[in-house]
Amino acid sequence: MKAKTKKALYALLLIGCALLGVFLWLSLRSVEVVAVHEDGEFSSVLVRKFPFTDRGKISWWLKNKDILKVKYNIPNPTNDGFFSIVFWEFGDGYKEEGKYDRRYFEDMKPPKNCIEKNRVFSVSDSKNMGLSFTTHDEIYRMRKNGKIVKDESD
């Protein structure tokens, strides 16, 4: 009985270590910005290997916002400070129009000027709401003191 328990324990430990290793590998890989499409104060950033946790996405933005400004001139706020940036998973690349619910870009010529709509993260700033981060199902707001809190309003 003890031998079976030890084998089961070792198997669980091995599986746990493997899962931890995969998670660390996925969370430490670098984000690839494939393209940026702009429409005034609205920007779409096509990415690969974006973090999957809410904390990872927000941390990535905070670490890379200055680089995005220098390299791609985003965000490009209006006179009152409003901007919106949506990060889209690039997936299999540009597609042709025609399929329902694709995000197409007017700054590109057809036929391949669309992507599958797979929004992974967005950042916006406005006078009324302040700096907001939106993930798949949560909204976070940055307070004036720099603390980021989950929006609990319904």
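Residues are numbered from 1 along each chain as its sequence is written, and side-chain values use heavy atoms, with hydrogens and water left out. Because the model is predicted, local features need pLDDT of at least 70 and side-chain atom pairs count only at pLDDT 80 or more, while totals for chains, interfaces and linings use all residues.

Helices (H or I, at least four residues) and strands (E, at least two) are DSSP runs, numbered from the N terminus, and two strands pair if DSSP finds at least two bridges between them. Seven strands form an open sheet with mixed pairing, in the order β1-β2-β3-β7-β8-β9-β10. At its edges lie β1 (32-39) and β10 (148-150), each of which pairs on one side only. On average, neighbouring strands are turned by 20° against each other, direction ignored; here axes are lines fitted to C-alpha atoms, for helices over the stretch in contact, and angles run from 0 to 180 degrees between N-to-C directions. As a reminder, strands of a sheet pair through backbone hydrogen bonds, either parallel or antiparallel.

Glu32 stands opposite Arg48 of β2.

Helix α2 (residues 54-72) spans only 23 Å between its end C-alpha atoms, whereas a straight helix of 19 residues would span 27 Å; the expected span is 1.5 Å times one less than the number of residues. The helix bends by about 55° at Asn64, the bend being the angle between axes fitted to the seven residues ending there and the seven starting there. Asn64 is also among the buried residues of α2, with Lys57, Ile58, Trp60, Trp61 and Leu68. Buried means under 20% relative accessible area, exposed over 50%, and partly exposed in between (1.4 Å probe, protein chains only). The cover over these buried residues includes β1, β3 (83-89), β7 (119-126), β8, β9 and β10, where contact means heavy atoms within 4.5 Å. After α2 comes Asn73, with a positive phi near 55°.

Finally, the cysteines: Cys114 is buried, at 2% relative accessibility, while Cys17 is partly exposed, at 48%. With a disulfide defined as a pair of cysteine sulfur atoms within 2.5 Å, the count is zero.
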